[in-house]
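Please read it with the sequence and the model open.

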Amino acid sequence: MKSILGALQPLGRALMLPIAVLPIAGLLLRLGQPDLHGLPFIGAAGQAIFAHLGLLFAIGVATGFARDGNGAACLAGVTCFLVTTEAGKTLLSVPPEAAAGFTGASIDLAVTAWKAKVMARLDVPIGILSGLVGGLFYNRFATIKLPEYLAFFGGRRFVPIVAGLAGLLLAMVVGFGFQTISGGIDALSFAATSAGAPGVFAFGVLNRLLLVTGLHHVLNNVAWFVVGDWHGTTGDLRRFFAGDPSAGSFMAGFFPVMMFGLPAACLAMYHAAAPDRRKAVGGMLFSLALTSALTGVTEPIEFSFMFLAPLLYVIHALLTGLSMAVMDLLGVKLGFGFSAGLLDYVLNYGKATRPLLLLPVGAVYFLLYYGLFRFFIRRFDLPTPGREPLLGTPTSAPPVAAGGRGRAFAQALGGSANLTTVSACTTRLRLVVRDQAAVDEAALKALGARGVIRPSATALQVVLGPIADLVAVEIRDALAMGDVAAATPVADETAPLVLSDRLIAALGGSGNIAGSSRHHGRLRIALRNDAAADAATLAALGPHGIARPAPGLVHLLGNETALAALVVG
């Protein structure tokens, strides 16, 4: 299973590059429409992007799959796409009704228009396949050597040539098999759209569960760019912006979760955090909640509890599916160019159906997420941020010189000798490493990583949030400047803290100590019974101060010399 997931990782990553242009496409399209500014040339600019998504996928996927993102792979992807679509049109069987009612030269125009329209139904799948051809052929043939009299066509120049030949084969498959392919897409579209609430519920649950591996992009592309047909425009997302009143079912349910539910989960985790640690996690949780509500970027929140408290993530996935079903049953149709945040909601309000129903549904979801998260965190003592055990001095972020972030990440990832591929999607680094054991996860988290995922023996994902792509560029720049050594392993500081006998006695005996850890300038000790600790005896041991930030907690303050006298070793 891990080998399959590892093989699919590049596809999930590559699909995000062309999708990244959708926000500007949606923005331009909406600003140009009559209900906003009514500027046709701006609307046409946005429509141009939607109309050529297949070509953009061919370029983006080829870039993502090419081992070094070389432009020759992009050229090969475009070549394959153009050959497939244009040659495939000549092989299509045109039904008589396509030219019915036309005479003379208008017949040719009608046939040409029909071919362009039906081929447009397959533009995204053809674009993805063409991108795969471009990227994989580049990896295979970029260094090929031909006989000297053909040497000009060797190496990277050979890649677009062989990609064009592959395009001919794809053209025959598409042209001769169009009826079968089109029938399959129609069956898929009918099944998806007729499934109603159960169908979108399953989509929502799978979308969140597949996020763990990054393969949710594959599922999204089917729903948003393939399913359904409205005057030749396919996909829930594209149909929504084209004006299809039935489109939006596969997007509307994300709005209550991303704008209301997950911010409420952050509030619940803040309130459930240990009192002396709320300040430390509060800023992080507030930032994550605001990002989710405004832009719909949720992965940093989800990875903050996905592995610490898997039960909460299962609840979150089910609630996402439920939201999709509820919005569908209420007849709410909402769409987005980027994600289900406030910015997209406001921008696309005029194209939505029953958009105001988001407010009461969102309010219910805020209460539902907050209540369920608070209950399950308390009931099962789940280690969400601010509640995870501190067994030793936490690793602090090493000082990073200005412009040195990329080098610091490269070192934490095992150095240049360990990094095979460095790329990123919206919120995570997507890497291929030689040795997983060489990756310093503690150092990555000290640098700001929200989570680390290992889909296969060599694939590695580091969740950073929206800065992921910038960090990937900085890592590649650091590697290009010269050899980067692996980071010096951080000493194991998670061993249990051994307190001195005098301190144990002053705290009421070993049976009264629930846990202890050492931090900069203090010892943090959890007690089962506050009254059993002797404050006068504790003060006589020499700490510079004693703090009780919450019931059951004692902090002994002092410099390194004072604290060293209270522990063994």
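1. S517 is part of strand β7, which covers residues 513-519; strands here are DSSP runs of E with at least two residues, helices are runs of H or I with at least four, and both are numbered from the N terminus. S517 has a relative accessible area of 1% and therefore counts as buried, a word kept for values under 20%, while exposed means over 50% and partly exposed lies in between (1.4 Å probe, protein chains only). Its C-alpha atom is separated by 9.9 Å from that of H555, a residue 38 positions away along the chain.

2. A word on the source: this is a predicted model, in which local features need pLDDT of at least 70 and side-chain atom pairs count only at pLDDT 80 or more, whereas totals for chains, interfaces and linings use all residues. Residues are numbered from 1 along each chain as its sequence is written, and side-chain values use heavy atoms, with hydrogens and water left out.

3. N220 belongs to helix α11, residues 216-225, and it is buried because its relative accessibility is 5%. Leaving aside residues up to four places away in sequence, N220 touches F203, N207 and F225, where a contact means heavy atoms within 4.5 Å.

4. On the surface, F286, L290, L294, L342, L343 and V346 form a nonpolar patch whose accessible area together is about 560 Å². Helices α15 (278-295) and α18 (342-347) each supply at least two of the patch residues. L342, found in helix α18, is partly exposed because its relative accessible area is 33%.

5. For the chain as a whole, there are 25 helices and ten strands, and the C-alpha trace spans about 105 × 65 × 40 Å along its principal axes. Of its 569 residues, 50% count as buried, and among contacts with a separation of 6 or more, 69% are between residues 24 or more positions apart. The accessible surface of the chain is about 25,200 Å², with 68% of it belonging to carbon and sulfur atoms; these areas come from the Shrake-Rupley method with a 1.4 Å probe.

Conventions. Patch = residues over 30% accessible without salt bridge, like charges linked within 9 Å, V, L, I, M, F, W, Y side chains within 5 Å. Salt bridge = Lys/Arg side-chain N within 4 Å of Asp/Glu carboxyl O.
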